[in-house]
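Please keep the sequence and the structure in view while reading.

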Amino acid sequence: MPNKSKIINRVSVQDKYFFDYIRGEFDGDGSIYSYADKRWDSSFMFYTTFASASFNHVSWLRSEIKKRLKIKGH
């Protein structure tokens, strides 16, 4: 499908394979970084990111992660 990276939306994946899917998506379009936050002593912040040309796909991914892991992001 041409330009699928711009029009992809939600992905139909069985619940038992969702985290395998996330791992694959992270491997292709994800990154992680960390730093010591100077606002709090002994803090170390970790960030995981996913990149996509499709806002709808990232919104779906964010909502699925929030629903399954009870964590939120932006």
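Lys4, Ser5, Ile8, Tyr21, Glu25, Asp29, Ala51, Ser52, Ala53 and His57 line the second largest pocket. Here a pocket is an open set of points on a 1 Å grid over the protein atoms alone, where a 1.4 Å probe fits, with protein on both sides within 12 Å along at least five of seven lines; lining residues have an atom within 4 Å of a point. The model is a predicted one, in which local features need pLDDT of at least 70 and side-chain atom pairs count only at pLDDT 80 or more, while totals for chains, interfaces and linings use all residues. Residues are numbered from 1 along each chain as its sequence is written, and side-chain values use heavy atoms, with hydrogens and water left out.

Two elements, α1 (4-7) and α2, each give two or more residues to the lining of this second largest pocket, and α2 supplies the largest share, three residues. Helices (H or I, at least four residues) and strands (E, at least two) are DSSP runs, numbered from the N terminus. The second largest pocket holds about 150 Å³ of space, a volume being the space filled by probe spheres set on grid points that are joined across faces, edges and corners.

The largest pocket has a volume of about 590 Å³. Its lining comprises 18 residues, of which Thr48, Thr49, Phe50, Ile65 and Gly73 are the closest to its centre. The elements α2 (18-29), β2 (45-50) and α3 (55-69) each give two or more residues to the lining of the largest pocket, and α3 gives the most, with five residues.
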